[in-house]
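Trainee: I would like to learn how to read the features of a protein model. Please take them one at a time.

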Amino acid sequence: DVFIETEVTPESPYVQSEVRYTLRIHHAVQLAEAELIDPAIDGAIIRKAEGEREYYKTIKDRQYRVIEIEYTLFPQASGELVIPEAVLKACIQQAGQSNRSFGGFFGGDPFNRFSNSRSVTVRSKSHTLNIQPQPKDNKGPHWLPAKQLDLGEEWDVPENEIRVGEPITRSLELSALGLTAEQLPDLNA
């Protein structure tokens with residue numbers, strides 16, 4: 001009736017690089033008072049994406065409502081990193097009950113308990129990642145394991161209007177895909 005599926009990519013990332021952790025809750029029955037315990041991962045920065053994606057999926061002729069939650073992890077040390085199992089606790093509403101007291105998937109009215117429901121605890125599998133160290137051939141002062149890195153500039157005066165003796169401002173912007181803002185170095189002149 002209810003199960004959790006998880007996916008991690010990549011499984012052998014570099015230290016401080018981005019890892020995508022996707023959690024999908026499948027349920028073919030009505031759930032109430034659902035509580036998902038977010039993963040706590042020692043040795044990694046974890047960020048939960050805003051919002052959840054919801055859709056329906058048919059598996060073996062049975063339709064499931066799927067709630068998909070995305071997390072981004074940034075492992076902080078090389079070696080083994082364990083992503084523990086995700087845990088979902090919920091009540092399954094029995095047939096014939098009203099849906100009036102649902103306050104959304106995660107939550108509900110604590111003063112209106114279901115008299116004819118059963119509690120369930122569902123766990124996903126855990127994942128063990130092999131975090132690769134920074135490559136030895138990286139000789140630069142910064143380690144930026146980004147998927148994309150862009151350096152842009154902007155001048156406050158068009159190039160053809162620059163005059164000797166007049167002040168101008170040059171702005172530099174460094175943007176990266178797959179890094180946190182804290183990982184970007186300061187841009188010194």
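The dialogue below goes through ring pairs, charge pairs, backbone features and a surface patch.

Mentor: First, the ground rules: this is a predicted model, in which local features need pLDDT of at least 70 and side-chain atom pairs count only at pLDDT 80 or more, while totals for chains, interfaces and linings use all residues. Residues are numbered from 1 along each chain as its sequence is written, and side-chain values use heavy atoms, with hydrogens and water left out.

Trainee: How many aromatic pairs does the structure hold?

Mentor: A pair of aromatic rings is described by the distance of the centres and the angle of the planes. Rings of Phe, Tyr and Trp (its six-membered ring) pair if their centres lie within 6.5 Å; planes under 30 degrees apart count as stacked, over 60 as edge-to-face and the rest as tilted. The structure holds 3 such pairs. One of them is Phe-3 with Tyr-64, edge-to-face, at 5.4 Å centre to centre and 75° between the planes. Phe-3 lies in strand β1 and Tyr-64 in strand β6, so the pair ties together parts that are 61 residues apart in sequence. Strands here are DSSP runs (E, at least two residues), numbered from the N terminus, and helices would be runs of H or I of at least four.

Trainee: Is Tyr-64 buried or exposed?

Mentor: Buried means under 20% relative accessible area, exposed over 50%, and partly exposed in between (1.4 Å probe, protein chains only). Tyr-64 has a relative accessible area of 9% and is therefore buried, whereas Phe-3, with 29%, is partly exposed. Another edge-to-face pair is Tyr-14 with Trp-143, at 5.9 Å centre to centre and 70° between the planes. Tyr-14 sits in the loop between β1 and β2 and Trp-143 in the loop between β10 (127–131) and β11, so this pair ties together parts that are 129 residues apart in sequence. Tyr-14 is partly exposed at 40%, and Trp-143 is buried at 17%.

Trainee: Which side chain meets that of Asp-1 in a salt bridge of 2.7 Å, N to O?

Mentor: Side chains of opposite charge can pair when their charged atoms come close. The rule for a salt bridge is a side-chain nitrogen of Lys or Arg within 4 Å of a carboxyl oxygen of Asp or Glu, and by this rule the count comes to 13. The partner at 2.7 Å is Arg-62. Asp-1 is in the segment before β1 and Arg-62 in strand β6, 61 residues apart, so the bridge links distant parts of the chain. Asp-1 is partly exposed at 37%, as is Arg-62 at 34%. The side chain of Asp-1 also meets that of Arg-118 in a salt bridge (3.2 Å, N to O). Arg-118 lies in strand β9 (residues 117–123) and Asp-1 in the segment before β1, so this pair ties together parts that are 117 residues apart in sequence. Arg-118 is partly exposed, with 40% relative accessibility.

Trainee: Which residues are linked in a network of salt bridges?

Mentor: Glu-5, Glu-7, Arg-24, Arg-53 and Glu-68 are. Within it, Glu-68 pairs with Arg-24, their closest N and O atoms being 2.8 Å apart. This pair links strand β6, which holds Glu-68, with strand β2, which holds Arg-24, 44 residues apart. Glu-68 is buried at 9%, and Arg-24 is buried at 14%.

Trainee: Which residue has a positive phi of about 65°?

Mentor: Gln-16 has, although it is not a glycine. Gln-16 is found in the loop between β1 and β2 and is partly exposed at 25%. The backbone oxygen of Gln-16 lies 2.8 Å from a polar atom of the side chain of Gln-183. A polar contact is a pair of N or O atoms within 3.5 Å; within protein, one must be able to donate a hydrogen and the other to accept it, and residues adjacent in sequence count only if both atoms are side-chain atoms. Gln-183 is in the segment after β12 (170–177) and is buried at 17%. Lys-60 also has a positive phi, of about 50°; it is in the loop between β5 (53–59) and β6 (62–75) and is exposed at 81%.

Trainee: Where is the cis peptide bond with omega near -10°?

Mentor: That bond runs from Thr-9 to Pro-10. Pro-10 is in the loop between β1 (2–9) and β2 (19–27).

Trainee: Which residues form a nonpolar patch on the surface?

Mentor: Patches are made of residues with over 30% relative accessible area and no salt bridge; like charges are joined within 9 Å, and nonpolar side chains (Val, Leu, Ile, Met, Phe, Trp, Tyr) within 5 Å. Accessible areas come from the Shrake-Rupley method with a 1.4 Å probe, and for residues only the protein chains shown count as cover. Here Leu-151, Leu-172 and Leu-187 form the patch, with about 280 Å² of accessible area together. Leu-151 lies in strand β11 (residues 148–155) and is exposed, with a relative accessible area of 60%.
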